[in-house]
Amino acid sequence: MQCPHLISEHFFNPKNVGNIADAEAVARAGSVTCGGTLRVSLRVDESQRITDAKFKSAGCSYLVAASSLLTERVKGKTTAEAAVLGQSPRKSVIEQLGGWPVDRDHCAALACEALISAVKQYSDSVREEWTGDEALICTCFGVSERTIENEIKAAGLRTIAEVTRACNAGAGCRSCYSLIEDILESVNSEW
């Protein structure tokens, strides 16, 4: 666990504050618990690696610290890795900053929610622009419709969780869940 002074360090000297011009993804999140709001923007290269991440927030020192740390941590990661990181506010933010009061856990969750929303937005745009031979279902892990269908048929899969374990589809931002459900229904109705 890191020293609690990191919270102050990230609050008084936050990293990545601002907006990215021509960002590939921009998302907002807000908390009814505290009224905090957050905007995250991402620049993503052609290999789906995050080359820049910035945030703007209106909230407490914990929200600023969480957003600063999280945007630092996702730089250089793929969108899939960033989405996985965003699924665990405790591991990705709270344990990293240390000395975090329990009544501020929602601040870390809000930062993670905004990150995952940005990755979902990016994934949706990639899926819409896809020109490959097969339908791209999971943009985070590059899993096609045919791959998912083959896994379902080969192993008799029935749930999204089983598909995710078999081929990683749905393990990132989860924006493909409804598409995976449709494929499960279609393939299993054929049997």
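Which residue has a side chain joined to that of Arg90 by a polar contact? The legends below concern a predicted model, and the first of them takes up this question.

View 1. Arg90 belongs to helix 4, which spans residues 89-97. Its side chain and that of Asp105 are joined by a polar contact of 3.0 Å. When neighbours within four places in sequence are left aside, the residues in contact with Arg90 are Glu95 and Asp105. Arg90 counts as partly exposed because its relative accessibility is 42%, a value between the limits of 20% and 50%. Between the C-alpha atoms of Arg90 and Val64 there is a separation of 16 Å, the two residues being 26 apart along the chain.

**View 2. His106 in helix 5.** Helix 5 comprises residues 105-129 and includes His106. A polar atom of the His106 side chain lies 3.3 Å from the backbone oxygen of Asp103. Apart from neighbours within four places in sequence, His106 is in contact with Ser31, Thr33 and Cys34.

**View 3. The largest cavity and its lining.** The model contains 2 cavities of 30 Å³ or more, and the largest holds about 50 Å³ of space. Strand 2 (37-44), helix 2 (61-74) and helix 5 are the elements that each give two or more residues to its lining. Helix 2 gives the most, with 4 residues. Among the lining residues are Leu38, Ala53, Ser67, Thr71, Val74 and Leu115. By class, the lining of the largest cavity consists of 8 nonpolar and 2 polar residues, with no charged residues.

**View 4. The second largest cavity.** About 30 Å³ of space lies in the second largest cavity. Its lining includes Ser123, Arg127, Thr139, Gly170 and Arg174, together with the cysteines Cys138, Cys140, Cys173 and Cys176. The classes represented in this lining are 5 nonpolar, 5 polar and 2 charged residues.

View 5. For Cys138, the nearest cysteine sulfur is that of Cys176, at 4.2 Å, and Cys138 is in no disulfide. A disulfide requires sulfur atoms within 2.5 Å. Cys167 is likewise in no disulfide, its nearest cysteine sulfur being that of Cys138, 7.9 Å away. Cys138 counts as buried because its relative accessibility is 1%. Cys167, at 14% relative accessibility, also counts as buried, since the limit for that class is under 20%.

Terms used: Residues numbered from 1 in each chain as written. Predicted model: local features only at pLDDT ≥ 70, side-chain atom pairs only at ≥ 80, totals over all residues. Heavy atoms only, no water. Buried < 20%, exposed > 50% of the residue type's maximum accessible area, 1.4 Å probe, protein only. Contact = heavy atoms within 4.5 Å. Polar contact = N/O pair within 3.5 Å; in protein donor to acceptor, adjacent residues only side chain to side chain. 1 Å grid on protein atoms, 1.4 Å probe; cavity = no way out; pocket = protein on both sides within 12 Å on 5 of 7 lines; lining within 4 Å. Points joined across faces, edges and corners; volume = space filled by probe spheres on them. Nonpolar A, V, L, I, M, F, W, Y, C, P; charged D, E, K, R; others polar.
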